[in-house]
Amino acid sequence: MGGREATMVLLDENGIRCDGRKVDEPRRIMIRAGGLKNADGSAYIEFGDNKILVGVFGPRDVHPKHMANTDTGILRVRYHMEPFSVGERKNPAPSRREIEISKVIKEALEPAVMLDKFPRTAVDVFIEVLQADGGTRCAALTAASVALADAGIPMRDMVAAIAAGKVADTVILDVNNEEDQAGQADMPMGYMPNIGKITLLQLDGVLTPEEYKKCIEVGIDGCKKVYELQKQALNDKYFGNRD
Ligand code: CDP
């Protein structure tokens with residue numbers, strides 16, 4: 001973070017970002033519910049140039065059995081990047097980064113899923129990043145929520161996610177890969193709009209207390225926009241003309 005800003009115009013004199021967006025403009029987002037016939041629920045998302053597929057299985061028996069909890073169901077999340085998803089081939093073995101992202105997505109989804117209704121079972125969420133361009137954890141979390149709903153898992157709300165951040169001393173919405181690399185701060189956020197609860201909040205970089213508050217506001221507004229697209233994706237599948 002911060003290193004290459006001098007050589008790259010992240011925000012021009014008209015307030016336009018390196019990919020042509022305004023400061024509060026998200027990238028193009030397309031969400032599709034369903035699509036994988038062998039999964040209990042699935043979703044596909046394009047979030048700018050990120051392309052991510054999610055398959056959900058369960059509630060189902062837990063293996064190994066000792067992981068089962070007699071009081072509640074458990075949620076397991078695997079975030080995985082395809083070797084071809086990034087410019088420099090990624091080693092297919094699970095990286096520390098993938099383990100961390102799997103954990104934060106699981107913890108961000110847990111408050112949304114009514115696991116207490118399914119003691120002794122597991123719900124498995126498999127996330128495959130086909131193409132990455134900054135912000136994959138937010139895009140993956142957004143798609144995972146839709147896939148869980150598509151699987152018919154009882155939920156309190158869906159988690160919608162997007163990152164706020166800072167480039168050229170200005171708060172922005174939806175940090176892309178260049179902004180993540182060369183900008184001043186990246187703050188991925190997951191939010192349940194109906195309940196009004198933040199379930200994912202990370203911060204890489206430095207913000208003043210005012211900028212921090214602004215990032216939260218901008219991020220929540222962005223999550224609400226993402227939420228509308230999540231609901232639309234489910235509406236299209238279940239009440240539209242799609243399969
Ligand atoms: O993807 P996200 O922003 O949630 O996580 P990150 O760790 O901040 O990664 C930012 C971006 O770096 C990813 O979205 C990828 O585009 C890129 N990346 C990469 O090029 N090679 C990797 N092995 C990992 C990430």
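Helices and strands here are DSSP runs, numbered from the N terminus. In this predicted model, Asp 174 sits in the loop between E7 and helix H3 (177–182). Its phi is positive, near 65°, although Asp 174 is a residue other than glycine. Asp 174 counts as buried because its relative accessibility is 2%, and the cut-off for buried is under 20%. Asp 169 also has a positive phi, of about 60°, and is not a glycine. Asp 169 lies in the loop between strand E6 (160–167) and strand E7 (170–173). With 58% relative accessibility, Asp 169 counts as exposed.

Two cis peptide bonds involve prolines. One runs from Gly 58 to Pro 59, with omega near 0°, and Pro 59 belongs to strand E3 (residues 50–61). The other runs from His 63 to Pro 64, with omega near -5°; Pro 64 is in the loop between E3 and E4. For reference, most residues other than glycine have a negative phi, and most peptide bonds are trans.

## Nonpolar core

The largest nonpolar core has 67 residues, and the members that touch the most others are Val 54, Ile 105, Leu 109, Val 125, Ile 127 and Leu 148. Beyond its neighbours within four places in sequence, Val 54 has contacts that include Leu 36, Val 125, Phe 126, Ile 127, Ala 140, Ala 143, Ala 144 and Ala 147.

## Helix H1

H1 (residues 96–109) has 14 residues and spans 20 Å from its first C-alpha to its last, close to the 20 Å expected. Its buried residues are Glu 98, Ile 101, Ser 102, Val 104, Ile 105, Ala 108 and Leu 109. Their cover includes strand E4 (74–81), strand E5 (121–131), H2 and strand E9 (197–201).

H2 has 15 residues and reaches 20 Å end to end between C-alpha atoms, close to the 21 Å expected. Of these 15 residues, 14 are buried. Gly 152, with a positive phi near 75°, follows H2.

H2 (residues 136–150) packs with H4 (residues 209–239) at about 35°, the axes being 10 Å apart. The crossing is right-handed. H2 contributes Thr 142, Ser 145, Val 146, Ala 149 and Asp 150, and H4 contributes Val 226, Gln 230, Leu 234, Lys 237 and Tyr 238. By class, five residues of this contact are nonpolar, three polar and two charged.

Gln 230, in helix H4, is buried at a relative accessible area of 0%. Apart from residues up to four places away in sequence, Gln 230 touches Ile 31, Thr 142, Ser 145, Val 146, Met 158, Val 159 and Ala 160.

Methods
Residues numbered from 1 in each chain as written. Predicted model: local features only at pLDDT ≥ 70, side-chain atom pairs only at ≥ 80, totals over all residues. Heavy atoms only, no water. Core = buried A, V, L, I, M, F, W, Y, C linked by side-chain atoms within 4.5 Å. Buried < 20%, exposed > 50% of the residue type's maximum accessible area, 1.4 Å probe, protein only. Contact = heavy atoms within 4.5 Å. Axes fitted to C-alpha atoms, helices over the stretch in contact; angles between N-to-C directions. Helix = DSSP H or I, 4+ residues; strand = E, 2+ residues; numbered from the N terminus. Left-handed = near helix turned anticlockwise from the far one by under 90°. Nonpolar A, V, L, I, M, F, W, Y, C, P; charged D, E, K, R; others polar. Expected span 1.5 Å × (residues − 1).
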